[in-house]
Amino acid sequence: MDIDENSGQGPPSQGGDIDTSFLQQFSCLGTTDHDELIVQLQKVLGNQLNYTTARFFLDMNNWNLQAAVGCYFDFNSGQKLPSMRIVEDITFGYNEAVDMNTNFVQSWRIQNNGDEVWPNGCYLKCTSNYNQPDTPVHSLQPGEETVISVTLTSPDFSQSFQTKWRLCTSYGSYFGDTMWSIVQVKESGTLALTQQLLALRANNLESSTTQSGAESMEDVQNVPPTTYFNAENP
């Protein structure tokens, strides 16, 4: 289940605050088409639900729109969503174009800007029409920051390639800032190459540091043991 779109801090209304006349308009349509009912539920709740979650609430209520709305608010009553803000987009090669049909990495630094620890089971979800697996996100303490990254593949034609991302709780509620990846796709784009070169450099530095550390440890191991004396046994 995934709940979307209201910048992240909970449902747009609680129970009686929803526009009942708006809800009745949808109910009077009398449709039994499941896809249409899902669209109706999403609109009634201000696009707070994605397709999967809307389908869940409708199916649980025998595809009755009003019952599904009530069930949704009952489910969310009393639940406080976590807080998250984007600190910065730290994608290597930011603002560079990417070549067609090429893998690249998108990264964001994010922060728990609330006053409560994030619950376990949070994950990053792509809410665009793009087939991308969910990415687990570990729990953050208030004020703590972390970096989350996803690997994307550019399309095989030139265009502006955009994907939209949201953090979710384990029960499917979206929270925090909306994250975007927007890159220009064109032939001979250099973004992926830039990232590969930076990754190679980082690996070389890590290998050098590891080797230096191993040599230092070997030097330490070759030092003759030191004999210690105390006042009683010189």
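Start by selecting Thr169, which sits in the loop between strand 6 (159-168) and strand 7 (174-185). The model on screen is a predicted one. Is Thr169 buried or exposed? With a relative accessibility of 1%, Thr169 counts as buried, because the cut-off for buried is under 20%. Now show what surrounds this residue. Apart from neighbours within four places in sequence, Thr169 is in contact with Leu81, Pro82, Gly121, Cys122, Tyr123 and Phe175.

**The whole chain**

Zoom out and colour by secondary structure. The chain has five helices and seven strands. Reading from the N terminus, the order of elements is α-α-α-α-β-β-β-β-β-β-β-α. The chain has 234 residues, and 37% of them count as buried. Among contacts between residues at least 6 apart in sequence, 69% join residues at least 24 apart.

**The sheet with strands 6 and 7**

Go back to the loop that holds Thr169 and select the strands on either side, strand 6 and strand 7. These two strands pair in the antiparallel sense, over nine bridges. For one of the pairs, select Trp165: its bridge partner in strand 7 is Met179.

Strands of a sheet pair through backbone hydrogen bonds.

Next, select strand 1 (85-89), strand 2 (residues 103-111) and strand 5 (residues 145-153). These three strands form an open sheet in the order 1-2-5, and the pairing is antiparallel. Strand 1 and strand 5 are the edge strands, each pairing on one side only. On average, neighbouring strands of this sheet are turned by 35° against each other, direction ignored.

Look along strand 2 and strand 5, which run antiparallel and are joined by nine bridges. Two pairs can be picked out here. Ile110 stands opposite Thr146 in strand 5, and Gln111 has Glu145 of strand 5 as its bridge partner.

Keep strand 5 selected and show its side chains. Which residues make up the covered face of strand 5, and which the uncovered one? The covered face consists of Thr146, Ile148, Val150 and Leu152. The uncovered face consists of Glu145, Val147, Ser149, Thr151 and Thr153.

Then move to the loop between strand 1 and strand 2 and select Asn101. Its phi is positive, about 50°, although Asn101 is not a glycine. Asn101 is exposed, with a relative accessible area of 56%; the cut-off for exposed is over 50%.

**Helix 2 against helix 3**

Which residues meet where helix 2 packs on helix 3? From helix 2 come His34, Asp35, Leu37, Ile38, Leu41 and Gln42. From helix 3 come Tyr51, Ala54, Arg55, Phe57 and Leu58. By class, the residues of this contact are seven nonpolar, two polar and two charged.

**Helix 3 against helix 4**

Phe57, Leu58 and Met60 of helix 3 make the contact with Leu65, Ala68, Cys71, Tyr72 and Phe75 of helix 4. This contact of helix 3 with helix 4 has eight nonpolar residues, no polar and no charged ones.

For the last stop, select Asn62, in the loop between helix 3 and helix 4. Asn62 is a residue other than glycine with a positive phi, near 55°. Is Asn62 buried or exposed? At 68% relative accessibility, Asn62 counts as exposed.

Definitions and conventions. Residues are numbered from 1 along each chain as its sequence is written. This is a predicted model: local features need pLDDT of at least 70, side-chain atom pairs count only at pLDDT 80 or more; totals for chains, interfaces and linings use all residues. Side-chain values use heavy atoms; hydrogens and water are left out. Contact means heavy atoms within 4.5 Å. Helices (H or I, at least four residues) and strands (E, at least two) are DSSP runs, numbered from the N terminus. Ala, Val, Leu, Ile, Met, Phe, Trp, Tyr, Cys and Pro count as nonpolar, Asp, Glu, Lys and Arg as charged, and the others, Gly among them, as polar. Buried means under 20% relative accessible area, exposed over 50%, partly exposed in between (1.4 Å probe, protein chains only). Two strands pair if DSSP finds at least two bridges between them. Axes are lines fitted to C-alpha atoms, for helices over the stretch in contact, and angles run from 0 to 180 degrees between N-to-C directions.
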